[in-house]
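Here is a short walk through one protein model. Have the sequence and the 3D view open as you read.

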Amino acid sequence: MKNGDNSSSSLDSRFNQTLKNVQELLKGRSIPGKILLTRRTDPPEDPGLRDPSPSSGRSFSENDAGTSDRVDMSREAEAWSSSKINNNATANKFKPTYSNTEPMSKDVQKFPMGSRATDSARVLKFTKELSATTVILERLRELAWSGVPPYMRPDVWRLVLGYAPSNSDRREGVLRRKRLEYLDCVAQFYDIPDTERSDDEINMLRQISVDCPRTAPDITFFLQHQVQKSLERILYTLAIRHPASGYVQGINDLATPFLVVFLSEYLEGDIDNWSMYDLSPDKISDIEADCYWCLSKLLDGMQDHYTFAQPGIQRLVFKLKELVRRIDEPVSRHMEEQGLEFLQFAFRWFNCLLIREIPFHLVTRLWDTYLAEGDALPDFLVYIYTSFLLTWSDKLQKLDFQEMVMFLQHLPTHNWTDQELEMVLSRAYMWHSGGQPTL
C-alpha cells in the first residue's frame, strides 16, 4: 500500500511540474490548434519513475448485444504490439500473460472492426435495437463501437448521446420541442443587432466568423457560405449558452461531424456534390438544432477541456506521455532527448479530437467509437492517441527535433483507409482491456 501511495505521489508531482512548465504556453482561452515550435531547454525528467501495478481497464458484459460481433483480434495488431513490448524492458512488465490451458479473455480476444458496419448480420442487429419500443442504450453503444451503418448513424448518434429519448413514443415530441428551443435561442442571442451585445460577445462572434471559413478547408462543401453561416449560428449559440467555456478555437472542428451526419438524412451522394441550397429553411433549422444539442452533449462530458487554460486537455496530454513511455520506452526516450514536449503536438489532437490529423471520410467512423464510449471517452482517448502516435514509432526514432515537429504537423495519413484506422483502434482496445495499466 505504501509503494502505491509513493507511486501516486510521484505521478502527482510529475503532473504538477508538467502543468507548471506549460502554463506559459497557454495564454488566454482561445488557443489555435498549431504545433509550438519551441525546443524545450530544461533537461529530461528522471526516467526512474516507478510504474504502478498493472490493472485491467474496461470490460463488457458477455450478454451485451455487440460482444458477439467483435471479430478475433487481428494477428497483425497483436504482432505489432508484441514486437514493441518485447523491445521495451520497462513495458514488458505490463505485457499480459495467458495460461496455455486458459484462453484469452473474450474482452481481449474480441475486437471491433468498423469495416463490418454494413455487414447484413450487424445491420439486422442495429435494426432490431432501433425498432424496440425502448432502446437499450448499452446494447446500442456496444454495436456502435464497431461502426454504424451510415444511413443509421443520425438516429444512433442522437440516441447514444442522450439527445433523443430511448422511448420511441416520446422521441418525436422531444425532438420537436428541442428543435423549437434552439430556434428560440437563435432568435434571442444570434438574430440581434450588435448594439444589443456586450463587447465580449461582439469579439466572440467576430472570432467565430473568422474561424468558420477555416473549418475543414480541404472539403469543398464547407466553403459554401450557407454552411459557414450554419456553423456560425450553432457555435455562437453554444458559446452564449455555455458561459464557463464560451467559444474556444477547435470547437468549430467538433461541429463538422455532426453537421455532415445530420445532413446525410437529406442529401445523397458524395459530400463534394452537396448543396445547402437544396434544403428548405425548416430542414436546415432542424439540422442545426440536432448539431447544437449533440455538440452540447459531447462537451458536457469534457467540460474542463475548454474552460480557462484547458486543464482537462493538459491532464490528458500528461497521461499520453506516461502511457507512451510505458508501451514504447525507446521512442519516449528519443523524444525526451530531442526536447520535444508532447504538448507541442498532442494538444491539437485532444483539442480537435484528431479531426485535423486523418482524412475527413474516416472521421465519422472514428466518432462512432468516440460516442459509444460515453463518459469513458476522455480516458480512452489517451489509448487511441498512443496507438496513433506509435504507428510511426520507428520513423520518429530516426528524426531530430525539427524533423519530428514537421512530421507530426503533417502526418502521412492522406491515403489512409478503414484498415489503418481499425488498426489504431485495435491496439487501443487491446491495451485498454488488459495489455497496459489504467492511468
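Which residues in the largest nonpolar core touch the most other members? They are F222, F258 and W367, in a core of 121 residues. A nonpolar core here is a set of buried Ala, Val, Leu, Ile, Met, Phe, Trp, Tyr and Cys residues joined through side-chain atoms within 4.5 Å. Helix α12 (residues 281-300) gives this core its largest share, 10 residues.

A word on the model. It is predicted, so local features need pLDDT of at least 70 and side-chain atom pairs count only at pLDDT 80 or more, while totals for chains, interfaces and linings use all residues. Residues are numbered from 1 along each chain as its sequence is written, and side-chain values use heavy atoms, with hydrogens and water left out.

Now the overall picture. The protein has 20 helices and two strands. Both are DSSP runs numbered from the N terminus: helices are H or I with at least four residues, strands are E with at least two. Of its 439 residues, 55% count as buried. Buried means under 20% relative accessible area, exposed over 50%, and partly exposed in between (1.4 Å probe, protein chains only).

Go back to F258. Leaving aside residues up to four places away in sequence, F258 touches W157, L161, C291, C294, L295, L298, W367 and L371. Such a contact means heavy atoms within 4.5 Å. Among contacts in the protein with a separation of 6 or more, 79% join residues 24 or more positions apart.

Helix α11 (residues 251-263) meets helix α16 (residues 360-373) at an angle of about 100 degrees, with axes 10 Å apart. The axes are lines fitted to C-alpha atoms over the stretch in contact, and angles run from 0 to 180 degrees between N-to-C directions. The pair is therefore roughly perpendicular, a label for angles of 65 to 115 degrees. From α11, the contact uses L254, T256, P257, F258, V260 and V261; from α16, it uses F360, V363, T364, W367 and L371.

What about the cysteines? The whole structure holds zero disulfides, meaning pairs of cysteine sulfur atoms within 2.5 Å. C294 is in none; the nearest cysteine sulfur, that of C291, is 7.5 Å away. C294 counts as buried because its relative accessibility is 0%.

Finish at helix α15 (residues 343-352). Here 10 of the 10 residues are buried, so the helix is largely enclosed by the rest of the structure. Among them are F345, R348, W349 and C352. After α15 comes L353, with a positive phi near 55 degrees.

Terms used. Angles under 35 degrees count as roughly parallel, over 145 as roughly antiparallel, 65 to 115 as roughly perpendicular and the rest as oblique.
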